[in-house]
Amino acid sequence: MSAIELTAAWVTSAVSGVVLSGDRARAFTGVSIDTRTLKAGELYIAIRGERFDGADFAEAAIVAGAAGAVVPRGRGQALVAASARVASGLSRTRATDSTVVIEVDDTTAALQALAHAVRVASGTKVVAITGSAGKTTTKEITAEFLAVRYRVMRNRGNFNNHIGLPLSLIELTARPEIAVVELGMNHAGEISTLVRVAEPDVRVWTNVGEAHLGFFASLDAIADAKAEILERATPSTVLVANADDERVAARTRRFAGRTVTFGIDRDADVLAAPVVDRGIEGIAARVSTPKGDIEIATPLIGRANLSNLLAGTAVALEFDVPLDAIAERASMLRPASHRGEVVRLARGVTIVDDSYNANPTATRRALEVLAGAVHTGRRVAVLGEMLELGDRAIGLHEDVGRAAARARVDLLITVGGAAAAALGAAAVDAGLPRANVRHFATSDETADAVAAEIRSGDLVLVKGSRGVKTDRVVDRLKAALA
């Protein structure tokens, strides 16, 4: 089947817009919302954000070669005039002629409507993944397993919000057989919107944790918001759910479709038992499934990644990927950038680079990996502040500090503000020697200190919220020990 052609007429119908200028038969080569990355021939959609209005850049998009622009009602006529000036050469540009200008009531809604129209027209099966942690890793694992038999599209990076997901779904114009996407949120109602746009055939719910707790009254409120993944289901819709998470299990009972469970500690359709944790060398398990049992080993580290792998296995089995092919692909998996990468450097120094993001549950799990690793050198934990935890931030950081003490790290370095300092203080109160705890306000200061402090044979965990930029510590160590 041929690719979907995004003509001006097709787009206008999908977004309920009005064409003010240009040829309705003109086809766009893609869609962009950013003039800095826009390519000639693409359709520019002028999204209004918190700090900018894309309509203010629509003329720049035409100058950059956009074949068309979608703008709010009332902004189109001025753009038509600007387009005519550009086409006649009155401004020093490289724009094309016959620019299509489409007006809509709401450009964000138009982007979402266009994405939904492409998703429906493509015939692609959509797998959507949500959860407080592990979304991106589960997406990557699932896509790798499915790619054994199918043409698979996955959304780039963490394009998982009300803007990023639609941009990813528009790529379904190429009609891949399966799309694997992630759905993110930090407020109630956001997953509901994404489910409406994506219409997932298979939904995956990894877990419920403290991520974004500062925007919610409780963990149960987070679970209720994540439970929007259950909406708009039909009897043929499949839910892949974590049997080990009580909040997930309590809410999936009302799902209108069919549920498949995965787990490690509780009985599940896809169950790992027994488990052999090999520390920084990876993890292995015998996995029981409705289609048979198999031994699976992966270089991904920790039980959290095993749980992500089980979720991906459950999805792959729904699409009839053979178990032996799943096991073979699992043995070759590699973590996404800054998400549990094991980096081996000079002088026998090893970094566990988990610096992409952090929440209390994920950080405690990372400390368990550090504690369980077979290693002759020191265990060093560089832990950045965990953001968006609201008025519970101090208490949750103290919990992680106690976990660091239980892990018996030899050196604990905290990065950030008062909450990060509280993490270190709680570790000392729980028995970690005060001389083994340091605190720095920024990751740049930390990077210099860690580079100076590091010893041959050290095993270093680096983890923190994205805004704290603990990846700079990793970069500094890589430069110092290349």
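1. Helix H10, residues 302-318, has 17 residues and reaches 25 Å from its first C-alpha to its last, close to the 24 Å expected at 1.5 Å a residue, the expected span being 1.5 Å times one less than the number of residues. Of the 17 residues in H10, 14 are buried, and the helix is mostly covered; buried here means under 20% relative accessible area with a 1.4 Å probe, protein chains only. Aspartate 320, which follows H10, has a positive phi near 65 degrees.

2. On the basis of these remarks: this is a predicted model, in which local features need pLDDT of at least 70 and side-chain atom pairs count only at pLDDT 80 or more, while totals for chains, interfaces and linings use all residues. Residues are numbered from 1 along each chain as its sequence is written, and side-chain values use heavy atoms, with hydrogens and water left out. Helices (H or I, at least four residues) and strands (E, at least two) are DSSP runs numbered from the N terminus.

3. The axes of helix H4 (residues 107-122) and helix H7 (residues 190-198) come within 8 Å and cross at roughly 40 degrees, which makes H4 oblique to H7; oblique covers the angles left over when under 35 degrees is roughly parallel, over 145 roughly antiparallel and 65 to 115 roughly perpendicular. Axes are lines fitted to C-alpha atoms, for helices over the stretch in contact, and angles run from 0 to 180 degrees between N-to-C directions. From H4, Gln112, Ala115, His116 and Arg119 meet Thr193, Arg196, Val197 and Ala198 of H7, contact meaning heavy atoms within 4.5 Å.

4. Six strands form an open sheet of mixed pairing, in the order E17-E18-E22-E19-E20-E21, where two strands pair if DSSP finds at least two bridges between them. Strand E17 (341-344) and strand E21 (437-440) stand at the edges with a single partner strand each, so one side of each is left without a neighbour in the sheet. E17 pairs with strand E18 (residues 350-354) in the antiparallel sense over four bridges, and valine 343 stands opposite isoleucine 351 in E18.

5. Helix H14 (residues 418-429) lies across strand E19 (379-384), strand E20 (411-415) and E21, running at about 155 degrees to E20; helix H15 (residues 443-453) also lies across E19, E20 and E21, at about 160 degrees to E20.

6. Strand E8 (residues 125-130) has five of its six residues buried, so it is largely enclosed by the rest of the structure. Five bridges join E8 in parallel to strand E10 (residues 178-182), with valine 181 in E10 as the bridge partner of alanine 128.

Note on methods. Buried < 20%, exposed > 50% of the residue type's maximum accessible area, 1.4 Å probe, protein only.
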